[in-house]
Amino acid sequence: QVQLVESGGGSVQAGGSLRLSCAASGGTFSSYYVGWFRQAPGKEREFIGRIARYLGTTYYADSVKGRVTISRDNAKNTVYLQMNSLKPEDTAVYYCAADSRTPNQYTYWGQGTQVTVSS
């Protein structure tokens, strides 16, 4: 069973950047698909993007494409979410999730990390 811990959230001004980390323990992380999601107050959870296991192919939601990059360091059992040109509407709790079988439905979730973007 995989445990996920997000970190790197915080407060930043609009136009700034943040890099979130998703550290995993308890499994062979390189064999897991990893997705990033976010949830703003009063809104549904939103898919941001994902990275495939092994080769690390990435896919991004249109809403963030061009502003975010997902990468993974399998030696460190960590996946990263680099976010640039942040906007106030990016304010949310950000979650990573993982699954060993499919990139479309995730079994394991982290506790989330808060990102607040001020104008």
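Tyr-106 counts as buried, at 10% relative accessibility; buried means under 20% relative accessible area, exposed over 50%, and partly exposed in between, with a 1.4 Å probe and protein chains only. This is a predicted model, so keep in mind that local features need pLDDT of at least 70, side-chain atom pairs count only at pLDDT 80 or more, and totals for chains, interfaces and linings use all residues. Residues are numbered from 1 along each chain as its sequence is written, and side-chain values use heavy atoms, with hydrogens and water left out.

**Aromatic rings and charges**

- Tyr-106 has a ring partner in Trp-109: the centres are 6.4 Å apart and the planes sit at 80°, so this pair is edge-to-face.
- Rings of Phe, Tyr and Trp (its six-membered ring) pair if their centres lie within 6.5 Å; planes under 30 degrees apart are stacked, over 60 edge-to-face, and the rest tilted.
- Trp-109 counts as partly exposed, at 30% relative accessibility.
- A search of the whole structure turns up seven aromatic pairs.
- One aromatic cluster is made up of Phe-37, Phe-47, Tyr-59, Tyr-106 and Trp-109.
- Phe-37 also has a charge over its ring: the charged end of Arg-45 sits there, 5.6 Å from the centre.
- Over at Tyr-80, the charged end of Arg-19 sits over the ring, 4.1 Å from its centre.
- For a charge to sit over a ring, NZ of Lys or CZ of Arg must be within 6 Å of the ring centre and within 35 degrees of the ring normal.

- Four strands make an open sheet in the order 1-3-8-7, with antiparallel pairing.
- Its edge strands are strand 1 (3–7) and strand 7 (68–73), each pairing on one side only.
- From one strand to the next, the twist averages 15°; axes are lines fitted to C-alpha atoms, and angles run from 0 to 180 degrees between N-to-C directions.
- Strands here are DSSP runs (E, at least two residues), numbered from the N terminus, and two of them pair if DSSP finds at least two bridges between them.
- Strand 1 pairs with strand 3 (residues 18–25) in the antiparallel sense over five bridges, and Gln-3 has Ser-25 of strand 3 as its bridge partner.
- Strand 7 pairs with strand 8 (residues 78–83), again antiparallel, over six bridges.
- The hairpin of strand 7 and strand 8 has four residues between the strands, and Asn-77 there takes a positive phi near 55°.

**Val-79 in strand 8**

- Val-79 lies in strand 8 and is the bridge partner of Arg-72.
- Val-79 is buried, with a relative accessible area of 0%.
- Not counting residues up to four places away in sequence, Val-79 touches several residues, including Leu-20, Cys-22, Trp-36 and Ile-70; contact means heavy atoms within 4.5 Å.
- Val-79 and Val-34 are 45 residues apart in sequence, yet 7.5 Å apart in space, C-alpha to C-alpha.

**The disulfide**

- The count comes to one disulfide, meaning a pair of cysteine sulfur atoms within 2.5 Å.
- The disulfide joins Cys-22 and Cys-96, with their sulfur atoms 2.1 Å apart.
- With 70° about the S-S bond, the link of Cys-22 and Cys-96 is right-handed.
- Cys-22 lies in strand 3 and Cys-96 in strand 9 (residues 92–99), so the pair ties together parts that are 74 residues apart in sequence.
- Cys-22 and Cys-96 are both buried.

**Strand 9 and its partners**

- Strand 9 is mostly covered, with seven of its eight residues buried.
- Strand 4 (residues 33–39) pairs with strand 9 in the antiparallel sense over seven bridges, and Phe-37 has Tyr-95 as its bridge partner in strand 9.
- Strand 11 (residues 113–118) pairs antiparallel with strand 9 over three bridges; Thr-113 in strand 11 is the bridge partner of Tyr-94.
- Strand 10 (residues 108–109) pairs antiparallel with strand 9 over two bridges, where Ala-98 has Tyr-108 as its bridge partner.
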